[in-house]
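Visitor: I have a model here and would enjoy a walk through it with you. Could you show it to me?

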Amino acid sequence: MEKVKTVGTLLKTIEKENDIKKIAPEDYRRLAKEIRVRLVKSISRTGGHLASNLGAVELTMALHLFLEFPKDKLIWDVGHQAYVHKLLTGRNKMFGTLRKLDGISGFPKVSENPADTFNTGHSSTSLSLALGMAKARDIQGGDEKVVAVIGDGALSGGMALEALNNAEPLKSNLIIVLNDNKMSISKNVGGMSNYLGKMRTNQKYNNLKINIEERLDRIPNVGISMAETIKNAKNSLKHLLVPGMLFEEMGIIYVGPIDGHNIKDMLEAFRAAARIKNRPVLVHVVTKKGKGYLPAENNPSAFHGVGRFLPKTGEIEETGGRTYTDVFGDWMVKKGEECPELVSVCAAMPDGTGVKEFAEKYPERFFDVGIAEEHAVTFAAGLMAGGMRPVVSIYSTFLQRAYDQLIHDICLNELPVIFAVDRSGIVGRDGDTHQGIFDISYLTSIPNMTVLSPMSGRELEQCLDFAYDQDGPVAVRYPRGDIYEEGGDEIICEKPWELGRARILMERGRLLEENEEADPGQIKGDAVLFAVGNMTKTALDVGRLLQEKNIYCTVVNMRFVKPFDKELLLALACSHRMVVTLEDNVKNGGFGQQVEALFMDKGCVPESFLNCSIDDCFVEHGAPEELYERLEMDAGSVAEKIEKMLRENA
């Protein structure tokens, strides 16, 4: 294959998968630099996962030089570090659309390119996927290479450890590339992180053993026995030289650590690993997160998932005001001072879930368990059973990974653990693997679980206080982004929250005054809107739009999704021509369906009913406001539907 000369931009010559093989080896460093420049310039405008991709440039290049796409299979764990892979598979021209509506995804997407082997987005899944693909290849007599790339943080996840335990018995060649950058999102914690740290510093035992063992095995009669003798002697020696040898003892050949920015060394290791028959091989590469861009090198956590920033200085643009995560973080610090029994549990995201300040102020009461949501939930159960008061802060999309633990270890035992469910509802640009659109369905399905969904920052504080006083498990779900500000639409009410009680905010198009209480028996109107959490503001906007057309609405802030205010709901349903439910959750198993079931059970079927929720689909990436509009869940679309249904049923 004729090599491309150093004329023009090298990256532009890569128009499809495998084109990197046309690049001359002496130009690899230049290509890596061009890729980093492209990453920084583009992500500074679109936002995205920068630091992890900067650190994986040479690693991705080496993998693309080693593999033949789409025949060979490359599975990225999580996948947020696959931007370079996208650039090397012909998506350079489209890269400016990254994470935008109808643009390319920030994660591997089979529909985008055949080189994207599997749709991924959550941690610790790659080894199980790769094992399955490798075994399917063996059964069918294929010869394609199967490679899984997993980070050191993801390797601490229980699912990854289960796959490692299963790897040797399957007797299949699989290459596991451990991308060790000492971080996941925040700094890694735990025993696996410490173990890998020791291995990074020990270079005495390396991958030369592979070639030696291979050559000895080929010697007729004598070779195999000689190889076994040397292996036995080597086993004694390696325990002195390398701490633990965990992987080898699990039957996985270990190679490394290797400089993850040296393409030549990585290629040699990958080729050697591919020659091993019937054994999984782990190639340990050490990379630097944020490499090549000083602001990201100095602050990899801030540039892990970053918004818009100035490329020259690395200054990150301010995205808005105070967020729901900020409110939760401040509440944790304040409550932690008042309540010495309060402890914080998170899964590798102290920054993302807002508990970093609590961790700094009360380090003895803060527990980051790593990427291990199942363990986090049951660990919290143990803390509660032992006399502490745990608050578990996890994103909605990740809490769903611990569904069994919620049922068996928390709710069955009726333990008053608080779950701060961040990023509920439509999250936005991270796309279908990260939208928090299932939590109402999976949380309300569990006996003994109370589920709250505040409409504003002030209500978030109030419902956290309420949750702390309960004797059973409580989940508080709140969205990503800026809080709904006090004043204006938020009707301030200092009365204590009552379990399962909703609040009327608007009566026949009129916003209630501060602390004003409406009498549901006296309210009549065209439509009553029962809104959950983030959708309450939308409901109020709908009420205003329809009032301009002489359609008068009552708007209710549900506050509680479980148990919800059935008495108020039934009373208002009987005095309005139309009932509307609004929630940022899938329709199946959601609040709206539960309301419909209540009507059927009580024999109180409204004249018209509209369930405003997400249909049976996954929600792609894009700005939240764009996604709500596309889903016809924005105020204008909902108002139009209500007007049409009322007119048809007049």
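Visitor: In which sense do strand 1 and strand 2 pair, and over how many bridges?

Guide: Glad to start there, with a word on the ground rules: this is a predicted model, where local features need pLDDT of at least 70, side-chain atom pairs count only at pLDDT 80 or more, and totals for chains, interfaces and linings use all residues. Residues are numbered from 1 along each chain as its sequence is written, and side-chain values use heavy atoms, leaving out hydrogens and water. Strands (E, at least two residues) and helices (H or I, at least four residues) are DSSP runs numbered from the N terminus, and two strands pair if DSSP finds at least two bridges between them. Strand 1 and strand 2 (residues 146-151) pair in the parallel sense, over four bridges.

Visitor: Which residue in strand 2 is the bridge partner of Ile75?

Guide: Strand 1 covers 73-76, and strand 2 covers residues 146-151. The bridge partner of Ile75 in strand 2 is Ala148.

Visitor: What is the strand order of the open sheet of five strands, and which are its edge strands?

Guide: The pairing in this sheet is parallel, and the order is 1-2-3-5-4. From one strand to the next the twist averages 20 degrees. Pairing on one side only marks the edge strands, which are strand 1 (73-76) and strand 4 (253-259).

Visitor: What angle does the direction of helix 5 make with that of strand 2?

Guide: Helix 5 (residues 126-140) packs on the sheet, where it touches strand 1, strand 2 and strand 3 (174-180); contact here means heavy atoms within 4.5 Å. Axes are lines fitted to C-alpha atoms, for helices over the stretch in contact, and angles run from 0 to 180 degrees between N-to-C directions. The angle between helix 5 and strand 2 is about 175 degrees.

Visitor: How far apart are the end C-alpha atoms of helix 13?

Guide: Helix 13 (residues 324-338) has 15 residues. The expected span of a helix is 1.5 Å times one less than its number of residues, so helix 13 should span 21 Å. The model agrees, with its end C-alpha atoms apart by 21 Å.

Visitor: What covers the buried residues of helix 13?

Guide: The buried residues of helix 13 include Tyr324, Phe328, Trp331 and Met332. Their cover includes strand 6 (342-346), helix 14 (356-361), strand 8 (389-395), strand 9 and helix 19 (457-468).

Visitor: Is Phe618 buried or exposed?

Guide: Phe618 lies in the loop between strand 18 (608-614) and helix 23 (624-630). Not counting residues up to four places away in sequence, Phe618 touches Asp432 and Phe438. Its relative accessibility is 59%, so Phe618 counts as exposed.

Visitor: And is Ser44 buried or exposed?

Guide: Ser44 is in helix 1 (residues 28-46). Its contacts, not counting residues up to four places away in sequence, are Leu39, Arg308, Phe309 and Pro311. With a relative accessible area of 6%, Ser44 is buried.

Visitor: Where is Ala348 found, and what is its phi?

Guide: Most residues other than glycine have a negative phi. Ala348 has a positive value, and this residue is buried with a relative accessible area of 8%. Ala348 is found in the loop between strand 6 and helix 14, and its phi is near 75 degrees.

Visitor: Which peptide bond is cis with omega near -10 degrees?

Guide: Most peptide bonds are trans. The proline here, Pro563, lies in the loop between strand 16 (560-562) and helix 21 (566-574). The cis bond with omega near -10 degrees runs from Lys562 to Pro563.

Terms used: Buried < 20%, exposed > 50% of the residue type's maximum accessible area, 1.4 Å probe, protein only.
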